[in-house]
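Please read them with the structure open.

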Amino acid sequence: MLFCLYGSPVWVTSMNGGEIIGLIGMILLVSSWVPQTIETVRTRQCPLNLKFIIIYVTAATMLTVYSYVIGDWIFFTLNFLSAFQSAVNLVVKLKEK
């Protein structure tokens, strides 16, 4: 698998046990947002608290940058996808008002 951090490609040939656990955790955590995001897009209404969404998007974005800086691709992907999905909820929530 080819993964690119810091502008140079890196080949990831094998994963250790900790990375596999991290990958499974990432998939589970990101997939937990999918039903809410689909419902939000479908109904164009977001039942989540606006302050919660703003804090979550901000935190996930900051953690995305941090994960990129330290070169942790599992947490980079997790935080990027979490920020993206919660940003979708934020946009819908702001349009409700």
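This is a predicted model: local features need pLDDT of at least 70, side-chain atom pairs count only at pLDDT 80 or more; totals for chains, interfaces and linings use all residues.

The points below go from the overall fold to single residues.

1. The protein chain holds 3 helices and 2 strands. Their order along the sequence is β-β-α-α-α.

2. The protein chain has 97 residues, and 28% of them count as buried. Take the contacts with a separation of 6 or more: 67% of these join residues 24 or more positions apart.

3. **Helix H1.** H1 covers residues 17-43, which makes 27 residues. From first C-alpha to last, H1 reaches 40 Å. That is close to the 39 Å expected at 1.5 Å a residue. Its buried residues are Met 26, Val 30, Trp 33, Gln 36, Thr 37 and Thr 40. They pack against helix H2 (50-70) and H3.

4. Most residues other than glycine have a negative phi.

5. **Aromatic pairs.** The count comes to 4 aromatic pairs. One of them is Trp 33 with Tyr 56, a tilted pair. Their ring centres lie 5.0 Å apart, with 55° between the planes. Trp 33 sits in helix H1 and Tyr 56 in helix H2, so this pair ties together parts 23 residues apart in sequence. Trp 33 is buried, with a relative accessible area of 10%. Tyr 56 counts as partly exposed, at 23%.

6. Phe 76 and Phe 80 have ring centres 6.3 Å apart and planes at 10°, so they count as stacked. The two are 4 residues apart in helix H3, which means a separation of about one helical turn. Both are partly exposed: Phe 76 has 22% relative accessibility, and Phe 80 has 44%.

7. **Aromatic cluster.** Which residues form one aromatic cluster? They are Trp 33, Phe 52 and Tyr 56.

8. **Ser 86.** Is Ser 86 buried or exposed? It is buried, with a relative accessible area of 1%. Ser 86 lies in helix H3, residues 73-96. Setting aside neighbours within four places in sequence, Ser 86 is in contact with Trp 33, Ile 53, Tyr 56 and Val 57. Trp 33 and Tyr 56 also belong to the aromatic cluster.

9. **Asn 79.** This residue is found in helix H3 as well. Asn 79 is buried, at 9% relative accessible area. Beyond its neighbours within four places in sequence, Asn 79 is in contact with Ala 60, Leu 63, Thr 64 and Ser 67.

10. **Nonpolar surface patch.** Leu 63, Val 65, Tyr 66, Tyr 68, Val 69 and Ile 70 make a nonpolar surface patch of about 560 Å². Tyr 66 is found in helix H2. With 48% relative accessibility, Tyr 66 counts as partly exposed. Leu 63, part of the patch, is also a contact of Asn 79.

Notes. Residues are numbered from 1 along each chain as its sequence is written. Side-chain values use heavy atoms; hydrogens and water are left out. Buried means under 20% relative accessible area, exposed over 50%, partly exposed in between (1.4 Å probe, protein chains only). Contact means heavy atoms within 4.5 Å. The expected span of a helix is 1.5 Å times one less than its number of residues. Patches are made of residues with over 30% relative accessible area and no salt bridge: like charges are joined within 9 Å, nonpolar side chains (Val, Leu, Ile, Met, Phe, Trp, Tyr) within 5 Å. Accessible areas come from the Shrake-Rupley method with a 1.4 Å probe; for residues, only the protein chains shown count as cover. A salt bridge is a side-chain nitrogen of Lys or Arg within 4 Å of a carboxyl oxygen of Asp or Glu. Rings of Phe, Tyr and Trp (its six-membered ring) pair if their centres lie within 6.5 Å; planes under 30 degrees apart count as stacked, over 60 as edge-to-face and the rest as tilted.
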